[in-house]
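Subject: Structure handover

Hello,

Please find the structure for your files below. My notes on what was found in it follow.

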Amino acid sequence: MGGVKAQNIKLHLNEAPVEEAFSVLNERYGLHFVYVATALEGLPRISPRIRHATIEEAMKSLVQGLPLVYTIKGKIITVLSQLKDERKNTLPFIEAYGMDA
């Protein structure tokens, strides 16, 4: 089986919060998302139509047009806000999908 980057990612959602996309990718592909909850507050809902994508391509599509940046290290994807508001990336509000506490 190939690495995470070689996976054939498929994701179709309609007017969903970004967090839902993270949750679905975790359930289907075992990807773990780490982000500050406030970084996703107030973002518009998304309707991704992703087919036959690597995780890099899928993430690029998911954050397109949103004030978010991400890094991928293995199966862990860290997502941060690009906004200058420091509260958007303050650690006490970190959420993680698919990671045991």
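Ser-23 sits in helix 1, which covers residues 18-29; helices are DSSP runs of H or I with at least four residues, strands are runs of E with at least two, and both are numbered from the N terminus. Ser-23 counts as buried because its relative accessibility is 16%. Buried here means under 20% relative accessible area, exposed means over 50%, and partly exposed lies in between, with a 1.4 Å probe and protein chains only. The C-alpha atom of Ser-23 is 8.3 Å from that of Phe-33, and the two residues are 10 apart along the chain.

This is a predicted model, in which local features need pLDDT of at least 70 and side-chain atom pairs count only at pLDDT 80 or more, while totals for chains, interfaces and linings use all residues. Residues are numbered from 1 along each chain as its sequence is written, and side-chain values use heavy atoms, leaving out hydrogens and water.

Aromatic rings

Rings of Phe, Tyr and Trp (its six-membered ring) pair if their centres lie within 6.5 Å; planes under 30 degrees apart are stacked, over 60 edge-to-face, and the rest tilted. The count by this rule is 2 aromatic pairs. Phe-22 and Phe-33 form a stacked pair, at 4.3 Å centre to centre with 10° between the planes. Phe-22 belongs to helix 1 and Phe-33 to strand 2 (residues 32-36), so this pair ties together parts 11 residues apart in sequence. Both of these residues, Phe-22 and Phe-33, are buried.

The pair of Phe-22 and Tyr-35 is tilted, because the ring centres are 5.4 Å apart and the planes are at 55°. With Phe-22 in helix 1 and Tyr-35 in strand 2, the pair ties together parts that are 13 residues apart in sequence. Tyr-35 is buried, as is Phe-22. Phe-22, Phe-33 and Tyr-35 make up one aromatic cluster.

Ser-81

Ser-81 is part of strand 5, residues 76-81. Its relative accessibility is 7%, so Ser-81 counts as buried. A polar atom of the Ser-81 side chain lies 3.0 Å from the backbone nitrogen of Leu-83.

The chain as a whole

The protein chain has 3 helices and 6 strands, and from the N terminus its elements run β-α-β-α-β-α-β-β-β. Of its 101 residues, 40% are buried. Among contacts (heavy atoms within 4.5 Å) in the protein chain with a separation of 6 or more, 63% are between residues 24 or more positions apart.

Regards

Definitions and conventions
Polar contact = N/O pair within 3.5 Å; in protein donor to acceptor, adjacent residues only side chain to side chain.
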